[in-house]
Every structure is written in C-alpha cells, then in structure tokens.
Amino acid sequence: MTYKIVTEDGLVKVAVKFFMMEFFGREEGELIQLIASKTLPAEERNFYNRTKTEIKALCARLVELRYADMNADTPCEAVYTNLDERENMDSESNSTPTQAETVEGNTPLTQAEQNNQSDAVCTPATSTYAAASANDPATPPPPRIAPPSKEISKVVEQVPNAAPASFKSVLLPNAMVGKNYEVELDKSFLKDNTVLEFLLDGFDPVGLKFDKETCILAGTPTVSGDFVFKLQFRQSTQIDTRRWCEKKIMLTVNPDPKSLWKDLPADRSDPYWKSDSANFGIAAANGRYVVAASQRGRSHAHEGKFRDDEFNVVAMENGWTLLTVADGAGSAKYSRRGSQIACEVCLKKIHDTVDQVFNEQVTEACGRVKTAPESARKVVGDALYNLVGVAAHAAFKSIQDEAKQKPTAVKDYATTLIVAITKKFDFGWFVGAYWVGDGGIGIYRKGESPRILGEPDGGEFAGQTRFLTMGEVWDPKELFRRLRFDVVEHFDALVLMTDGITDPKFESENKLKSPDKWDEMMDDLYATVGLDGHPEVESEKLLQWLDFWSPGNHDDRTIAILY
Amino acid sequence: MRRLPVYLLMDTSGSMKGEPIESVKVGLQSMLSTLRQDPFALESVYISLITFDKDVKVLNPLTEVEMFQLPDIETPESGPTHLGAALEELCRRVDQEVRKNTEDEKGDWKPLLFIMTDGSPSDLKKYRDAIPEVRKRNFAIIVSCAAGAKAKEDVLKELSDQVVRLDTMDSSAFKQFFKWVSDSIGTGNISMGATSQIVLPPPPAEIQVVV
C-alpha cells in the first residue's frame with residue numbers, strides 16, 4: 001500500500017498519523033520516540049528501513065509546513081492516494097532526505113525542526129505534536145476545519161510568513177505616527193504553562209506600552225522607522241530550564257503623510273509665473289453674489305511646481321453673469337498659461353458679443369419650450385453655439401497663437417474648460433454652459449436633485465480626459481454635445497469646480513448627481529464660508545476652505561459659486 | 001481615492017539562490033523604506049509582489065504601501081524560469097485588482113510593471129503568447145531588468161523597449177535598481193495628469209540602459 005503526500009497542512013499531518021497507526025498500531029509520537037531510542041522491534045525495524053525515506057520525507061514536509069494541531073476526525077480517505085508520485089514532494093521539500101542518513105543520528109524531526117527555527121536560539125526537546133500525543137487526549141487538540149484535498153498547484157497563493165510553532169507574533173501589523181495602535185501578541189504562547197518567565201520591553205522610545213497581563217501592545221507611536229524588539233523567555237520544556245531563549249519581533253512605523261508634504265515656492269523668474277493662489281468676490285445682478293477661489297495643490301507644492309488651475313468671473317451690468325474654471329494638464333509644461341488664456345479670452349469674447357439679439361432669441365425659444373420643445377432647443381442650441389461655442393473656440397485660437405509665437409506645440413498648453421453664463425429672465429433663470437474635460441458644474445437647490453450641465457470627459461484610467469486644445473473637440477457635432485442649457489425658477493447656487501474638488505467631494509460621475517453629496521459639500525460651505533452676502537471676505541474664507549485634507553487627493557483646487 | 005498599482009515580478013529561480021536573492025530582499029526593503037518617506041507613495045501606491053521560478057507565487061496581492069510587509073522569499077535548488085506563466089498570472093491579477101473608471105467609482109492610475117530576471121524564460125512560447133495580453137492591460141511603464149551575464153536582453157525587448165542591465169548581482173547593484181524603481185514610482189515622476197508617456201528618471205551608474 002502506498003500513500004501520497006498532499007500539500008495541505010492538516011492533511012499531511014493526518015497522513016503521518018494514520019500511516020503510523022495503521023502500520024504499527026502505534027501513536028506517531030510514540031513511534032518517533034521508539035525510533036529515537038532504537039528499541040523498535042526487528043520486524044518493524046525492517047519495515048521501517050524499507051520505508052524510512054517515506055517517513056523522513058513525511059516528517060520533513062510536516063515541519064516545513066509548520067503544522068498546527070491535528071484533527072483526528074479528518075477521514076483517511078480524503079488523504080490517501082498513490083505514493084508513486086512522491087518524487088514531486090521530494091523535489092519541493094527543502095530538506096531532501098538522503099539514504100546515508102540513519103536513524104541512529106539525530107531524530108529527523110528534531111533536526112529538521114531546528115533547521116527551521118532560524119531565529120530561536122534554542123528549541124524544545126520534544127516536538128509539539130509528540131508532546132500532545134504523549135499527554136494523551138485528556139485535552140484533545142482543538143478542532144480544525146479540514147481543507148479540501150488539492151493537487152500540488154502551479155500557482156500558490158500567499159503562504160503567510162508563519163512563525164515557528166512556538167511564538168507567533170514575530171511580524172506585527174504596521175503602525176503609523178500619531179495613529180492609535182493596538183495589537184495582542186501571541187497570548188496562547190506567552191500564557192502557556194511551559195513558559196516559565198518572559199521579558200519584553202524597549203517600546204518606550206517608540207511611544208508604545210506593553211502590558212504583560214493582557215499581552216497587548218498599545219499606544220500612539222511618536223517616531224517612524226523599522227524597529228526590532230527582543231522577546232526573551234525560559235521554557236519548562238527545555239533541557240536546561242534556566243536558559244533564556246530569544247525571538248525577534250519586528251514593527252514598522254510609518255510616518256504620517258501629512259507631515260511629509262513639503263511646500264516649496266515656484267520659480268519667481270519664470271516667464272509664465274503664476275501665483276500659488278487666487279480669490280475673488282463680487283456682487284452680481286438680481287441680488288446674487290459670486291465667490292471664487294483657486295489653490296495650488298499639495299503635489300505641486302511638494303515639488304515647487306506651479307498652480308495649473310484658473311478661474312474667471314465677469315458680472316455684467318446688463319444682468320449677465322459669466323463664470324469659468326479651467327484645469328491645466330499636469331503633463332503639459334505650459335498648461336498654467338493655457339488655463340489662464342482660456343479663462344480670460346473666453347469670457348472676454350462672451351462679454352463683447354452677448355447682445356439684445358441673443359436675449360431675444362433665448363426669450364422667444366424658452367417661451368415655447370413646453371409647446372414645441374424640439375425646435376425651441378434647436379434655437380437655443382444654435383444661439384449658444386454662436387455665443388459660447390465661438391468664445392471657447394476663440395480661446396483655443398488664442399492658445400494656438402501663443403504657441404506659435406513661443407514657438408512650441410499647442411498641446412503644451414493643454415487645459416480643460418468649464419464655462420457658465422446666466423441671467424434672470426421673466427420666464428426664469430437661464431443657464432448656458434460649455435464643458436470640456438473633467439471637473440463639474442451643477443445647479444444646486446436644497447431638497448432637489450442637482451442639475452448637472454453635461455458630462456465629464458474621462459477614459460478607463462485616472463487622469464485620462466479631453467482638453468480644449470485637442471482637435472477632436474472642435475468637430476461641430478462634438479461642440480454641440482458639450483453645450484447645455486437649463487431654465488430654473490429658483491436655485492440656491494450655481495457651482496463650477498475643477499477635478500481637484502470633484503474627486504474628493506464626489507468621487508465618481510454617478511455621485512456627482514447625488515443630492516446627498518451636494519448637501520454635504522454645500523452644508524460645509526454654508527457653515528465655514530457663510531455665503532450670505534459678503535463676497536470679499538467670503539472669497540478669503542473660500543480659499544482657506546480649499547486647504548481641506550483628503551488622502552490621495554492633492555491636485556490644484558478651484559471653485560466658483562454664484563449664490 | 002485613486003491608487004497607483006505597481007506590479008513587481010521577481011525571478012526566484014535556482015540561479016538566484018544565495019547572495020543574489022538576499023540582495024534582492026535588501027533592495028526591496030530599501031525600496032519600501034524610501035516609499036514610506038514619500039507622501040504620495042504612502043497614500044496612493046499599492047504594490048503586488050509576484051515571484052517566478054518553476055512556480056508562480058503571488059507573495060503579496062495588491063497592498064497599500066502603508067500596510068505592506070515583505071514576506072520570506074525562497075528559491076528552489078534549481079529549476080526552470082517560468083516567466084511566461086508569470087505574465088499570464090500577472091494578467092489575471094491585473095484584471096482582478098486594477099480598478100477602471102466607472103460611473104460609480106473612480107479608477108486607478110495606469111499600472112506600472114517592473115520585471116527582474118537573471119536568465120531567460122524557459123517557457124518561451126508561453127512568454128511570447130503572453131506579450132500581447134500584457135500589452136492589453138495598459139501598463140504606463142514596463143521595465144525589464146536583465147541581471148547578470150546570463151540574462152537575455154533581446155528576449156526581454158520583445159515585451160518592452162525599456163530594458164536595463166545589471167552587470168553584477170550584488171547588493172549594491174540591486175539597491176540601486178530598487179532605488180531607481182522607487183524614484184520612478186514616487187512624487188517626482190507621477191505628475192497628476194493625463195500622462196500617456198511616463199518619463200523614467202535617469203538611471204544610476206550601476207544600471208545600463210539597453211538601447
């Protein structure tokens with residue numbers, strides 16, 4: 001009869017146990033001790049000599065897999081198959097048994113076990129499972145769920161860095177400076193009867209305390225780094241119980257990322273120098289106000305790079321309010337200038353071209369938006385195309401001219417652009433918008449769904465978006481697609497944002513449409529900035545609000561609010 | 001939060017046994033320490049460590065730098081180098097772990113791939129079949145490191161243009177290589193933008209770029 005070694009922990013052990021019991025009618029621990037003491041009866045010894053490579057291999061494999069307690073209930077059938085393929089197991093095991101080795105030397109188990117306990121300075125004289133069977137099932141081993149039997153798999157999932165059978169907590173979970181830390185060290189070992197005494201300290205410099213009673217290591221670390229602590233202990237299972245053993249315990253304390261972000265000034269002498277921040281507030285038509293702010297993000301500050309974001313606001317006497325935000329592409333070297341040109345030129349063009357004709361077209365069309373929606377939308381669309389679409393294109397042309405003069409490629413000025421124009425008419429507030437790139441624009445009213453004026457451009461991966469400077473966005477159909485309008489009777493706020501705001505506050509395209517997410521942000525703004533008729537001081541507060549902490553979100557941040 | 005997934009494929013075949021694999025371990029530890037001091041890496045970089053010899057082992061599934069712990073890395077006595085199988089497994093892991101932009105969830109940055117081998121793939125056909133699959137996964141960088149005299153650069157070039165060579169396999173060389181890897185991953189290099197072409201920082205003296 002032959003038996004195959006399968007690779008799952010519990011099954012190998014059970015294989016040994018039943019193997020032994022079946023052939024020798026003995027408990028395995030007893031067998032090992034018999035082998036060690038050389039008092040194996042002749043016929044058994046003959047058998048053993050024939051099969052000792054198997055037994056050694058089994059034992060070596062056991063040790064290698066660092067067995068836990070056995071489950072006597074595991075059925076043998078789940079374990080036994082043909083041993084002819086044992087070669088597989090042999091080549092995988094680190095300790096390949098050799099024919100030259102005889103039983104008379106060290107017992108294979110203890111030797112192999114010693115080889116595996118690289119950190120420990122001493123080893124218990126008897127193996128754990130031998131002790132368990134010697135102590136007999138007065139205290140049966142704890143039950144364990146038998147894993148399904150598997151062939152030796154080609155791809156093996158992470159086998160955790162298992163500690164030797166004794167003390168398990170050699171690699172503690174990582175900690176962080178300033179963050180509460182608590183972990184229970186291997187209590188089952190430290191409180192075990194065989195452990196006569198143990199010492200573990202040295203945590204003070206890190207800011208942690210170890211409680212010997214509860215075996216809990218806790219505290220708030222004060223320094224970062226990689227630390228090694230020594231657990232010292234004496235065990236009753238040793239030959240010399242006065243001798244101290246040692247185990248190393250490793251702990252990594254991460255720094256707090258907040259403390260790592262630097263703030264370096266950008267190059268003042270650069271021809272395209274731009275300030276790290278900007279803010280603006282103004283009273284607009286019909287008792288409304290505009291506040292806007294833009295702040296260089298932590299990732300640019302860390303490297304002394306420029307703010308690539310920009311905004312612009314124009315409050316016109318004729319009742320029109322124009323707003324825009326733009327986000328220069330991180331990889332485009334002059335994008336800070338691109339966003340600047342886009343914002344200035346676009347609003348200036350709208351300011352210069354919007355006229356009574358436009359107002360009349362809009363009024364006429366919106367008058368029949370309920371009765372003849374299709375044609376009304378077409379009229380407004382065309383009007384917006386000629387006003388806002390043309391203005392955005394003018395911005396693009398300006399960038400092209402600048403690039404030609406430099407000279408350099410247009411894409412070096414790549415930038416997103418969101419533009420909104422709004423005016424109160426008799427039929428309600430008219431809001432027209434143009435949107436290329438990421439970020440977001442929405443009309444907010446508490447208790448209602450936000451009205452999002454378009455869709456963000458995004459690819460499959462983070463950072464992929466479209467820019468004003470890309471040829472493809474100027475295809476007329478594309479242009480029309482990016483022009484939207486809405487008519488509302490009331491609204492609390494019209495908000496334009498770059499992705500430095502939408503990423504942390506909304507995270508996804510779907511959440512941009514969520515009234516709850518909008519409430520969260522607006523409630524925060526009402527509480528910290530006010531938004532109650534003091535635009536100049538509020539724009540300062542808005543700038544400070546832009547400094548909020550959001551891990552992983554360190555882009556430039558820009559927001560413009562008409563309320 | 002947007003994550004930057006980084007995949008490390010390390011050769012653990014028999015020829016790496018001894019000083020080479022120990023040097024790799026030291027280099028990896030050093031890389032982790034460096035990344036932990038970089039605010040962007042500490043918050044956003046996720047690392048997966050996959051080793052290959054006869055078997056492919058995912059030692060660490062994609063794990064944030066903050067929680068990452070280097071496991072024990074073992075090498076068999078001898079045996080083949082199944083880089084092809086490793087690439088296959090890599091594609092499976094990427095499909096499982098890397099998040100794409102959806103309407104509900106923000107996606108990850110394009111993943112990065114660093115491969116280190118001291119020989120050439122024993123499963124050459126599988127390796128070649130896997131190459132187009134790897135390309136489909138849209139890695140922003142694929143860098144292969146040919147370590148030592150026996151490594152075949154031409155074969156590695158079939159996967160990616162970015163091939164570097166380490167002449168020696170001692171701890172200093174590996175440390176430099178892994179420092180270069182951390183520089184490529186860290187703040188200095190990853191500009192938050194639509195980077196279709198990530199530019200690698202200049203490599204240190206111990207590393208020669210294979211043209």
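What average pLDDT does chain A have, and what share of the residues score at least 70? Chain A averages a pLDDT of 78, and 70% of the residues reach at least 70; pLDDT is the predictor's confidence in each residue, from 0 to 100. Over residues 22–26 of chain A the pLDDT is below 50, and this stretch has 15 contacts in the model beyond near neighbours in sequence. Contact here means heavy atoms within 4.5 Å. Residues 34–38 of chain A also stay under 50, with 8 contacts beyond four places in sequence.

This is a predicted model, in which local features need pLDDT of at least 70 and side-chain atom pairs count only at pLDDT 80 or more, while totals for chains, interfaces and linings use all residues. Residues are numbered from 1 along each chain as its sequence is written, chains are lettered from A and ligands numbered from 1 in the order in which they are written, and side-chain values use heavy atoms, leaving out hydrogens and water.

**The overall picture**

Chain A holds 16 helices and 19 strands. These are DSSP runs numbered from the N terminus (helices: H or I, at least four residues; strands: E, at least two). Of the 563 residues in chain A, 50% are buried. Buried means under 20% relative accessible area, exposed over 50%, and partly exposed in between (1.4 Å probe, protein chains only). Among contacts in chain A with a separation of 6 or more, 70% join residues 24 or more positions apart.

**Rings that meet**

The whole structure has 24 aromatic pairs over all chains. Rings of Phe, Tyr and Trp (its six-membered ring) pair if their centres lie within 6.5 Å; planes under 30 degrees apart are stacked, over 60 edge-to-face, and the rest tilted. Here are two of the pairs:

| Pair | Type | Centre to centre | Between planes |
|---|---|---|---|
| A:Phe203 and A:Phe229 | tilted | 4.2 Å | 40° |
| A:Phe425 and A:Phe427 | stacked | 5.0 Å | 10° |

A:Phe203 lies in the loop between strand E4 (195–199) and strand E5 (208–211) of chain A, and A:Phe229 in strand E7 (residues 225–235), so their pair ties together parts 26 residues apart in sequence. Both A:Phe203 and A:Phe229 are buried.

In the other pair, A:Phe425 is buried, with a relative accessible area of 10%, whereas A:Phe427 is partly exposed, at 26%. Ring pairs also link A:Phe425 and A:Phe427 into a cluster with A:Trp320, A:Phe358, A:Phe430 and A:Phe485.
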